[in-house]
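This briefing covers selected local features of one protein chain, arranged by topic. Please consult it alongside the sequence and the model displayed below.

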Amino acid sequence: MANLALSSGAQTLDTLFGSTLARKAAIAFGGSLFLAAMSQIAIGWPVPTTLQTLAVILIGLTFGHRLAAASLGLYLLEGAMGLPVFAQFKSLLPLGPSAGYLVGFFLQAVIIGWMVDRGFARGFVGAAIAVVIGEVAMFACGVAWLSTFMGQATLIENLQAAFAVGVVPFIAIDLVKAALAILIAKGVISGASSLIRG
C-alpha cells in the first residue's frame, strides 16, 4: 500500500513511480521478466545456483509488498501457462521437487516488501533482517515440498534429508547474493529518487 509506505517514510518503486494503475502494471510485469531472465543465469561450484533468489530479494526490497506480490504472481502465472520462465527454461508443470521454492519466492518477496513498506529496512541491518526472514520462509516452503520426494522412512528423516540437499549447500552463496541485493537495492532507490527530483 503506497500510503503506508509514504507514512513510514519508506521509498519504493511503487511510491516513486506507481502513481497510476498502468505504471504499477508496467513495474510488476517488468519485475516478472527480470526474474525470468535472472533465473537462467547459473553460478557457483560444485553446487550450481541461479540468480533467481537475488532477483526475488531485489524485487522485495525495491517494489514494496503489493507490487512484489503482483510481480511474483505474474511470474508464477507465466510458468503455469507453460512459458519457460523458471530455471533451466522450465515451466510450472509437471510439479517437480523444486516447486515448493517457487511458492517460497512469492512469500519471500512479499515479506521483505512488507517490512520495507513499514520502514523496518531503511539501513543495512534492517534490510538484512528483512532478507533473512524472507529467506527462512522461502527455504521452509522449499524443504516442506522437497521432503515429499526424499523416500525416507519417517517425516523427520525426510525433512532432514531435504534440509541437507535443499538448504545446506546454498547457505553461503545465498548470504553473498543477499548482501549484493541489498547494496544494489539501495543504489536503485537512490538513483530513482534522484531521477524524480530531477
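Q88 is exposed in this predicted model, because its relative accessibility of 62% is over the 50% cut-off. This residue is found in the loop between α5 (65-80) and α6.

**The loop between α5 and α6**

- The phi of Q88 is near 60°, a positive value in a residue other than glycine.
- F89 lies in the loop between α5 and α6, and F89 also has a positive phi, of about 55°, although it is not a glycine.
- F89 counts as exposed because its relative accessibility is 59%, where the cut-off is over 50%.
- As background to these two values, most residues other than glycine have a negative phi.

**Packing of α6 against α7**

- Two packed helices are described by the angle between their axes and the distance between the axes.
- The axes of α6 (residues 99-117) and α7 come within 7 Å and cross at roughly 160°.
- Helix α6 is therefore roughly antiparallel to α7, since angles over 145 degrees are classed in that way.
- The contact of α6 with α7 comprises 19 nonpolar, five polar and one charged residues.
- The crossing of α6 past α7 is right-handed.

**L146 in α7**

- L146 has its place in helix α7.
- L146 is buried because its relative accessible area is 10%, and the cut-off for burial is under 20%.
- Leaving aside neighbours within four places in sequence, L146 is in contact with P97, Y101, A162, V165 and G166.
- I156 is 10 residues from L146 along the chain, and the C-alpha atoms of the two are separated by 13 Å.

**Helix α9**

- Helix α9 spans residues 171-197, which amounts to 27 residues.
- From its first C-alpha to its last, α9 reaches 39 Å, close to the 39 Å expected at 1.5 Å a residue.
- The buried residues of α9 are D174, K177, A178, A181, I182, A185, I189, A192 and S193.
- An α-helix has 3.6 residues a turn, so residues three or four places apart point the same way.
- The buried residues of α9 pack against α2 (13-17), β2 (49-50), α4 (52-63) and α7 (124-146).

Methods:
Residues numbered from 1 in each chain as written. Predicted model: local features only at pLDDT ≥ 70, side-chain atom pairs only at ≥ 80, totals over all residues. Heavy atoms only, no water. Helix = DSSP H or I, 4+ residues; strand = E, 2+ residues; numbered from the N terminus. Expected span 1.5 Å × (residues − 1). Buried < 20%, exposed > 50% of the residue type's maximum accessible area, 1.4 Å probe, protein only. Contact = heavy atoms within 4.5 Å. Axes fitted to C-alpha atoms, helices over the stretch in contact; angles between N-to-C directions. Parallel < 35°, antiparallel > 145°, perpendicular 65-115°, else oblique. Left-handed = near helix turned anticlockwise from the far one by under 90°. Nonpolar A, V, L, I, M, F, W, Y, C, P; charged D, E, K, R; others polar.
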